Amino acid sequence: MIVLNDVLKGKHSVAIGGHIRPDGDCVGSTLGLYLYLTTYYPEIETDLYLEEIPEAFQMMGHRDVPKHEIVEGKVYDLFMSLDCGDARRLGFSEPVFQNAKETLCVDHHISNESFADTNYIVPDASSTSELVFRLLDEEKITEEIASFLYMGIVHDTGVFQYSCTSPETMEVGAALLRKGINGSAIIDGTYFEKSYVQNQMLGKALLESMMILNKKAVVSVIRLKEMEFFQAKPSDLDGIVSVLRQTRGVEVAILLYELEPQTFKVSLRSKEIVDVSAVAKYYGGGGHVRAAGVTMKGSPHDVINNLTLLIERQLRAAEEKNEEK
Ligand code: AMP
Ligand code: MN
Ligand code: MN
């Protein structure tokens, strides 16, 4: 466990960064920490580096806080990387991380290989937002900071549903609710509410999905030309893979969407057997046991074949283990 006061001692400038294509936990943890530092450590120059915050989080405010570009040669006393499994995934802010005098990583990805000088990595934690809560002085958490941390936990736990939701997660949720936040509005407005385009893409992905691996997996592919036709952004596809995962009898859900011709972002979700983090990591990605991602090149057919090879191997190993019992 690290102590925030010790980490910040003697620091005059701090940069906070999160992963590319920021999700709810990334936005919640980085902005929660940013607001805490600017409120209670005004003497420290604090900057937040993050790609454009998706529309879904607009109601939370502060969308204009993050910097989207770096200043060549700027050196910070400390770079705090949040919700990011490896330095490459910091994207445009990676050079700021590399140039910083000291680096700190706060994360919950099992694939994280402790890439900073100091690492606070808890793979069992529901979210980075839960870890940030543990770093802060509870008394000093304002209603606004609490709202951001709550949003982060809500998104990474699928509204306190996924297996990463622990008793401690619920206790942190309770503590945040006691700050007077409007929890149901945050859940409704940032998690469940979808734009028309998002619903269209969801419908399309469900309709065109295929059952594979003896109906143990379901896969759907969204091509670049389809995204262009519907004017859908990658963030408009958030949540689709979780709906695919709800299919009865399925252990693994796979969503592929084309980032550029023949390059696919792959999202993987599982229920209780397959370690999708291991599958993603094999091809250069990462994540959690039940939710992981990776970028892969080739035709959709090749990508699916490569993925199913490893998934099938895990399913078979689990079956054999069951037969032995
Ligand atoms: P996603 O499918 O994008 O929602 O990602 C599921 C989880 O895996 C998230 O915690 C991501 O941070 C992580 N993840 C997604 N893509 C990658 C990648 N290319 N490399 C490492 N981790 C990833
Ligand atoms: Mn994330
Ligand atoms: Mn996270």
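The dialogue below treats a helix, a metal site, a recorded domain and a loop residue.

Me: What conventions apply to the model?

Reply: This is a predicted model, in which local features need pLDDT of at least 70 and side-chain atom pairs count only at pLDDT 80 or more, while totals for chains, interfaces and linings use all residues. Residues are numbered from 1 along each chain as its sequence is written, chains are lettered from A and ligands numbered from 1 in the order in which they are written, and side-chain values use heavy atoms, with hydrogens and water left out.

Me: Is H5 mostly covered or exposed, and what covers its buried residues?

Reply: Buried means under 20% relative accessible area, exposed over 50%, and partly exposed in between (1.4 Å probe, protein chains only). Twelve of the 14 residues of H5 are buried, among them Phe148, Tyr150 and Asp156. Their cover, judged by contact (heavy atoms within 4.5 Å), includes helices H2 (24-40), H4 (128-135), H6 (167-177) and H7 (183-192).

Me: Which residues are the protein donors of the manganese ion (ligand 3)?

Reply: Donors are N, O and S atoms within 2.8 Å of the metal (3.2 Å for Na, K and Ca); water is not among the atoms, so sites may look incomplete. Here the protein donors are Asp25 (OD), Asp83 (OD), His108 (NE2) and Asp156 (OD), at 2.1 to 2.2 Å from the ion. Along the chain their spacing reads D-x57-D-x24-H-x47-D. Asp83, in the loop between strand S3 (78-82) and helix H3 (94-99), and His108, in the loop between strand S4 (102-107) and strand S5 (118-121), are 25 residues apart. Asp83 counts as buried because its relative accessibility is 1%; for His108, the value of 2% likewise makes the residue buried.

Me: Which residue coordinates both manganese ions, ligand 3 and ligand 2?

Reply: Asp83 does, and the two ions are 3.6 Å apart.

Me: Where does UniProt place the feature "domain: DDH"?

Reply: The UniProt record, an unreviewed entry, places this feature at residues 14-153. That span is 30% helix and 17% strand, with its end C-alpha atoms 24 Å apart.

Me: Where is Asn182?

Reply: Asn182 lies in the loop between H6 and H7. Its relative accessible area is 45%, so Asn182 is partly exposed.

Key:
Helix = DSSP H or I, 4+ residues; strand = E, 2+ residues; numbered from the N terminus. UniProt positions renumbered as here; feature names shortened; annotations may be inferred.
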